[in-house]
Amino acid sequence: MSATSNEATTPGSTELEVSTEIAASPAQVWKLVSDLPRIAEWSPQVVRTLARRPLRVGSRMVNLNHRGPLVWPTTAKVVELEPHRRVAFRITENWTVWSFTLEPVTPAGGGAAEATRVVHRRETPKGISPLSNTLVDRLLGGRPQFTEELREGMGQTLRRLKAAAEA
């Protein structure tokens, strides 16, 4: 199955959500999404992630991101961790919360094959920082364009994650 994109709220919203089904158990998918440095393998924007281990709520990360020739660092903190179910981290600079949520999928007819629905979200419970909005508007083509690029990148992230999990 391919990644599907669903805007979590109204058009123009800052909340983003993309999901896909992966033919692997939640435990198998969890091994991938909970290894936060591996995000760089799947995300088209992330160049590198350094994270403290073992992963726990409060763990800190440093990310190096890029878009074309532009490169910028961000810092983050794990704010939710429910093994085999959900990991979420808040980006310090722009206040956004990024997450992966795993849901077991029961096959039609009750077969034994395991699958996992993965939901990748960007939430903005406190909005987006004014500094981040200004930088996006001035350097990254504006909020509507950059938001759409993020949504497309989230889909690419899930497609790459799916390929890794199903390999």
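Colleague: Is R143 buried, partly exposed or exposed?

Modeller: In this predicted model, R143 is partly exposed because its relative accessible area is 39%, where buried means under 20%, exposed over 50% and partly exposed in between, with a 1.4 Å probe and protein chains only.

Colleague: Which residue does R143 form a salt bridge with?

Modeller: The partner of R143 is D137, and their closest N and O atoms are 2.7 Å apart; a salt bridge here is a side-chain nitrogen of Lys or Arg within 4 Å of a carboxyl oxygen of Asp or Glu. D137 has 36% relative accessibility, so D137 counts as partly exposed.

Colleague: Before we go on, how are the residues numbered, and which ones count?

Modeller: Residues are numbered from 1 along each chain as its sequence is written. Because the model is predicted, local features need pLDDT of at least 70 and side-chain atom pairs count only at pLDDT 80 or more, while totals for chains, interfaces and linings use all residues, and side-chain values use heavy atoms, with hydrogens and water left out.

Colleague: Okay, how many salt bridges are there by that rule?

Modeller: The count comes to 10 salt bridges, and E80, R86 and E123 are linked in a network of them. R86 is buried because its relative accessible area is 12%, whereas E80, at 36% relative accessibility, counts as partly exposed.

Colleague: New topic: which residues form the nonpolar patch on the surface?

Modeller: The patch is formed by L70, L131, L135 and L139, which together have about 360 Å² of accessible area, as given by the Shrake-Rupley method with a 1.4 Å probe. Patch residues have over 30% relative accessible area and no salt bridge, and nonpolar side chains (Val, Leu, Ile, Met, Phe, Trp, Tyr) are joined within 5 Å.

Colleague: And which helix gives the most to the patch?

Modeller: Helix α3 (residues 130-139) does, with three residues, while L70 has its place in strand β5 (residues 70-82); helices (H or I, at least four residues) and strands (E, at least two) are DSSP runs, numbered from the N terminus.

Colleague: How far apart are L140 and L70?

Modeller: They are 70 residues apart in sequence and 8.8 Å apart in space, C-alpha to C-alpha. L140 sits in the loop between α3 and α4, and L140 is buried because its relative accessible area is 7%.

Conventions
Patches are made of residues with over 30% relative accessible area and no salt bridge: like charges are joined within 9 Å, nonpolar side chains (Val, Leu, Ile, Met, Phe, Trp, Tyr) within 5 Å.
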